[in-house]
Amino acid sequence: MATLKEVYTSCENCQKCALGATRTNLVFGVGNENARLMFVGEAPGEQEDLTGTPFVGKAGQLLDKFLFAVDIPREDVYIANILKCRPPKNRDPLPEEEDACIGYLREQVKAIRPEIIVCLGRISAMRLIKPDFKITAEHGKWFQKGGFWMTAVYHPAALLRDPRKKEDMLEDMKAIRQKLEEGSAEK
Ligand code: URA
């Protein structure tokens with residue numbers, strides 16, 4: 001099994017899809033390499049592309065507020081995306097881009113071995129939980145898959161567009177905190 005550092009190295013100069021040519025920085029992932037809780041978003045946005053760090057723009061700052069609200073330190077979790085390079089103008093990832101990139105995420109998950117994986121938004125949930133995932137109906141539901149507890153919450157960018165979703169987000173985040181306290185699995 002590859003270490004996180006080895007996965008990073010294999011990803012560093014990746015040109016498996018066209019986004020390798022247009023990225024400013026690879027946005028590999030950030031956080032605790034022994035995290036019990038891992039968040040997976042969709043793809044880097046502008047700020048992430050500029051800094052090389054996931055979820056540092058407006059959506060990321062809102063995610064930070066929810067983590068703070070439920071008393072989960074950002075340093076305790078690991079945060080990554082399905083895609084490691086920014087799609088132009090933040091368009092949705094193309095299936096072939098996801099196919100090219102998903103192996104890196106799988107290797108990251110294997111190296112970190114979290115207990116809980118939280119998909120941030122529909123695109124991540126459709127890729128990681130099930131292809132027909134419906135975020136409005138199924139956010140906050142728990143799924144057991146591949147030895148992990150998995151759930152999805154609204155993407156923080158969706159909360160910026162529709163603040164009425166924030167109440168649901170808070171409830172889902174509280175449930176994630178609760179699941180962590182239950183110690184859902186031994187590491
Ligand atoms: N949106 C995402 O899905 N990921 C990021 O890293 C930033 C915004």
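So, around the ligand we have Gly41, Glu42, Ala43, Glu48, Pro54, Phe55, Asn81 and His155, where being near means having a heavy atom within 4 Å of the molecule. Before I go on: this is a predicted model, where local features need pLDDT of at least 70, side-chain atom pairs count only at pLDDT 80 or more, and totals for chains, interfaces and linings use all residues. Residues are numbered from 1 along each chain as its sequence is written, and side-chain values use heavy atoms, with hydrogens and water left out.

By class, that shell has 3 nonpolar, 3 polar and 2 charged residues. The classes here are Ala, Val, Leu, Ile, Met, Phe, Trp, Tyr, Cys and Pro as nonpolar, Asp, Glu, Lys and Arg as charged, and the others, Gly among them, as polar.

What about the backbone? Glu42 has a backbone N or O atom 2.8 Å from an oxygen atom of the ligand. For Ala43, a backbone N or O atom sits 3.0 Å from a ligand nitrogen atom, and a polar backbone atom of Phe55 is 3.0 Å from an oxygen atom of the ligand. Taken alone, the ligand exposes 240 Å², and the protein buries 92% of that; those areas come from the Shrake-Rupley method with a 1.4 Å probe.

Okay, where does the ligand sit? In the largest pocket, and "sits in" says that more than half of its atoms lie within 2 Å of the pocket's grid points. On a 1 Å grid over the protein atoms alone, a pocket is an open set with protein on both sides within 12 Å along at least five of seven lines, a cavity is a set of points where a 1.4 Å probe fits but cannot get out, and lining residues have an atom within 4 Å of a point.

This largest pocket has a volume of about 690 Å³. Its lining counts 28 residues, with Glu42, Ala59, His155, Ala157 and Arg161 nearest the centre. Helix 8 gives the largest share of that lining, 4 residues.

Next, the second largest pocket, at about 230 Å³. Among the residues lining this one are Leu105, Arg106, Ile117 and Phe148. Helix 5 contributes the most here, 4 residues.

Last stop, the largest cavity, with a volume of about 110 Å³. It is lined by 16 residues, and Cys14, Cys17, Gly20, Cys85 and Cys101 lie nearest its centre. Helix 5 turns up here too, with the largest share of the lining, 4 residues.

Notes: A polar contact is a pair of N or O atoms within 3.5 Å; within protein, one must be able to donate a hydrogen and the other to accept it, and residues adjacent in sequence count only if both atoms are side-chain atoms. Grid points are joined across faces, edges and corners, and a volume is the space filled by probe spheres set on the points. Helices (H or I, at least four residues) and strands (E, at least two) are DSSP runs, numbered from the N terminus.
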